[in-house]
Amino acid sequence: MKIFVADVGGTFIKHATMNEKAEIFERGKIPTPIESHEKFLQEIAGLYKLSDCEGLAISLPGIIDSERGFCETSGAIEHNSKKFLADELKNLCGAKVTLENDAKCAALAEAKIGNLADVDAGFVMIFGTAIGGAFVKGGEVYRGKNNSAGEISYTMQSLEEDFSDKKIFAEMCGVPALLKMYADKKNLPFEKISGEDFFCAVEQKDFDALNCLEKFTRQIAIKIFNIQMILDPEKIAIGGGISAQKVFIDSIRESLEKVYKNCLVTFPRVEIVPCKFRNDANLIGALFRWLA
C-alpha cells in the first residue's frame with residue numbers, strides 16, 4: 001500500500017509517496033498556492049491523482065480538528081481557515097484523507113519511531129519562524145478540548161505591559177528573533193544575517209554571537225522549566241532546522257541547568273534531546289495519523 005503524504009508550509013508543499021513503514025519512494029516540492037483556496041485544492045488533488053496512491057495524509061499549520069478534518073485556523077495560509085479540507089479533498093480524489101497540525105505530526109513521528117518512543121510522557125518543540133509544540137502521552141498526541149494543546153507560540157513571556165505580540169514566545173524565541181538580536185549587536189541589517197552566518201560566528205567564538213545564543217536559550221530554558229512543572233515530561237525533543245546545530249541543543253541544556261540550580265526546591269531534570277527526523281518529521285507523523 002502506498003500513501004500520498006504532503007507537508008504544507010507557508011512557502012512550499014513538500015510531498016512524498018510512502019508505505020506503512022514510513023519508507024519514502026518518491027518525493028517532490030511545489031510552491032504553496034496562497035492566491036485562492038480553489039487553486040490549493042486543485043494542486044493537491046492533481047499531485048495525488050498522479051501518484052498511484054490509496055489515500056492522502058496532510059500536515060499543515062494551524063489549529064486542526066483531525067477527527068472532523070476541519071481547519072479552525074490555518075497559519076499563513078489564510079484561505080484554509082474554517083474549511084472542512086479533508087472532505088473537500090476526499091470529494092475531489094475519491095480517497096481517504098486525514099489532516100493534522102504540523103507540530104503534532106512531528107511529535108507523532110517522534111512518539112512512534114523517534115526519540116520519544118521509549119517514554120510515556122514527552123514534549124516536542126519545533127523552532128522555525130514561530131515555535132510549534134505538542135505533548136505526547138502513551139505514544140499519542142494529547143489534543144485538548146479545542147485541539148490547541150501544546151500551542152506554545154502564543155504563551156506570554158512578560159506581563160510588564162498590555163498584551164503585545166512582541167511579548168509572546170514565538171516572537172521572542174523564533175529563529176528570526178535570534179538572528180535579529182545578533183544583527184543588532186553587529187549594527188547590520190537583519191536580512192544580511194543568515195542562520196549559517198550566525199552559527200559560523202558561534203563556532204569562531206565570536207563574543208556577540210555567544211552572548212546572543214546564551215540570552216536566547218535562557219528564554220527557552222525558562223519555558224521548558226515551566227512546561228516541566230505543568231506536564232512533567234520525561235524528555236523534551238527539540239526540532240526544526242536549527243536543531244541540527246549541536247551547540248544550540250547544548251546551550252539549551254546548559255541554560256536549563258542554571259535554571260535548576262537557582263530553584264529553591266530540587267526537581268528531577270527533564271532530558272533534552274534533538275528530534276530524530278528533522279525535515280521528514282511532518283511527513284512521517286502525517287502518515288501515522290492516516291494509519292491510525
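Modeller: Start at Phe198. Setting aside neighbours within four places in sequence, Phe198 is in contact with Leu178, Leu179, Tyr182, Ala209, Cys212 and Leu213. Keep in mind that this is a predicted model.

Phe198 belongs to the largest nonpolar core, which has 39 residues. Phe198 is also among the residues with the most contacts inside that core; the others are Met125, Ile220, Ile224, Ile238 and Phe248. Which elements give two or more residues to this core? On the strand side, they are S8 (121-127), S9 (131-137) and S11 (235-239). On the helix side, they are H4 (169-173), H5 (175-185), H6 (195-203), H7 (207-231) and H8 (246-261). H7 gives the most, with nine residues. In soluble globular proteins, nonpolar side chains tend to be buried together.

For contrast, go to the start of the chain. Val8 sits in strand S1, which covers residues 3-8. Is Val8 buried or exposed? Its relative accessibility is 1%, under the 20% cut-off, so Val8 counts as buried. What does Val8 touch, leaving aside neighbours within four places in sequence? The list is Ile13, Thr32, Phe40, Ile58, Ser59, Leu60, Pro61 and Ile77. Val8 and Ile30 are 22 residues apart in sequence, and their C-alpha atoms are 9.7 Å apart in space.

Now the whole chain. Its secondary structure comes to nine helices and twelve strands. Of its 292 residues, 51% are buried. Take the contacts between residues at least 6 apart in sequence: 62% of them join residues at least 24 apart. The C-alpha trace spans about 55 × 45 × 40 Å along its principal axes. The radius of gyration is 19 Å; a compact globule of 292 residues would have one near 19 Å, so the two agree.

Last, the surface and the charges. The accessible surface comes to about 14400 Å², and carbon and sulfur atoms account for 51% of that. There are 36 positive and 42 negative side chains. The centres of these two sets lie 2 Å apart.

To return to your spot: Phe198 touches Leu178, Leu179 and Tyr182, among others, and is one of the residues with the most contacts inside the largest nonpolar core.

Notes: Residues are numbered from 1 along each chain as its sequence is written. This is a predicted model: local features need pLDDT of at least 70, side-chain atom pairs count only at pLDDT 80 or more; totals for chains, interfaces and linings use all residues. Side-chain values use heavy atoms; hydrogens and water are left out. A nonpolar core is a set of buried Ala, Val, Leu, Ile, Met, Phe, Trp, Tyr and Cys residues joined through side-chain atoms within 4.5 Å. Buried means under 20% relative accessible area, exposed over 50%, partly exposed in between (1.4 Å probe, protein chains only). Helices (H or I, at least four residues) and strands (E, at least two) are DSSP runs, numbered from the N terminus. Contact means heavy atoms within 4.5 Å. The radius of gyration is taken over C-alpha atoms; the globule rule is 2.2 Å times the number of residues to the power 0.38. Accessible areas come from the Shrake-Rupley method with a 1.4 Å probe; for residues, only the protein chains shown count as cover. Lys and Arg count as positive and Asp and Glu as negative; His and the chain ends are not counted. The place of a charge is taken as NZ of Lys, CZ of Arg, CG of Asp or CD of Glu.
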